[in-house]
Amino acid sequence: MPVIRPPILGVPSHDSWMNQVTQVINTQLVTSASFEATLGGAEGAVGLTGPIGPTGADGVEGPHYAEVTLYSDPAVSSPPSAPTATITWFTGVLSSITAGWSQTPPTIDPTSTDTVYYSKIIFKDAIAPFATTTETGNTPVALYDFTSLTSTYLPLSGGTMTGNITMTALGTVDGVDISERDGVLTATTATANAALPLAGGTMTGTLGVPTVDFGDWTITESSGSLYFATLGVNKMKLTAAGDLEIVGNITELATIT
């Protein structure tokens, strides 16, 4: 084997153990076993895992936060003041709620002129212990407003319209086409205005009647002559020339009963 010659000064403080080993190797006076012993033994086995340490202490409780919506109950005629309430963090229950406010929305009456308002309260607490927190809600906001409905809309139960209702060409009311019916009503109205009432009245124009029916007797105009008939049989005729034709006799100075 090649000779390794590190510097050997002959001074123990300078000649390290490595120098001594090198000298042994160079002089081939050491076997592999003694060399291994000189350098140190083989690496030992890995030791066993130690026991699990104790559980650490609990961490600090985090900040608390809650958001709740309150409603004015009953409905009111004007905006109310913002409500105040207290929350118990352990149960999450509200207490000391301002009078006139509730967590439950009230029943809405669309015919009322009053309004329901709502307000959101935000509870925050970052410092333990977390027992209770009191907060005030934001400015109340109207949940709805039926005021315009009650004053400008016709109730389902009916009412009086103060303006005109315009229907489309196909618009119907209870299945009746109002636009079409309007034309019929206009024509009917014109006819009715020009008619003589059944109760009688004054005629301002010529009455054209081909036949006047009195029951058993009728008077019919035909070709300029008037025909007087009873039970459908002509009994007398007055011609346009003024001639009078009768079926029976003419009785003078008779008494008519």
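Reply: Let us begin with accessibility: buried means under 20% relative accessible area, exposed over 50%, and partly exposed in between (1.4 Å probe, protein chains only). This is a predicted model, in which local features need pLDDT of at least 70, side-chain atom pairs count only at pLDDT 80 or more, and totals for chains, interfaces and linings use all residues. Residues are numbered from 1 along each chain as its sequence is written, and side-chain values use heavy atoms, with hydrogens and water left out.

Me: Is Thr86 buried or exposed?

Reply: Thr86 counts as buried, because its relative accessibility is 12%. Its side chain makes a polar contact of 2.6 Å with that of Thr134. Such a contact is a pair of N or O atoms within 3.5 Å; within protein, one must be able to donate a hydrogen and the other to accept it, and residues adjacent in sequence count only if both atoms are side-chain atoms.

Me: How many salt bridges does the rule give?

Reply: Side chains of opposite charge can pair when their charged atoms come close. A salt bridge requires a side-chain nitrogen of Lys or Arg within 4 Å of a carboxyl oxygen of Asp or Glu. The count is one salt bridge: Glu67 and Lys120 meet at 3.8 Å, N to O. Glu67 lies in strand 1 (residues 64–72) and Lys120 in strand 5 (residues 117–125), so the pair ties together parts 53 residues apart in sequence. Strands (E, at least two residues) are DSSP runs, numbered from the N terminus. Glu67 is partly exposed at 45% relative accessible area, and Lys120 is partly exposed at 37%.

Conventions. Helix = DSSP H or I, 4+ residues; strand = E, 2+ residues; numbered from the N terminus.
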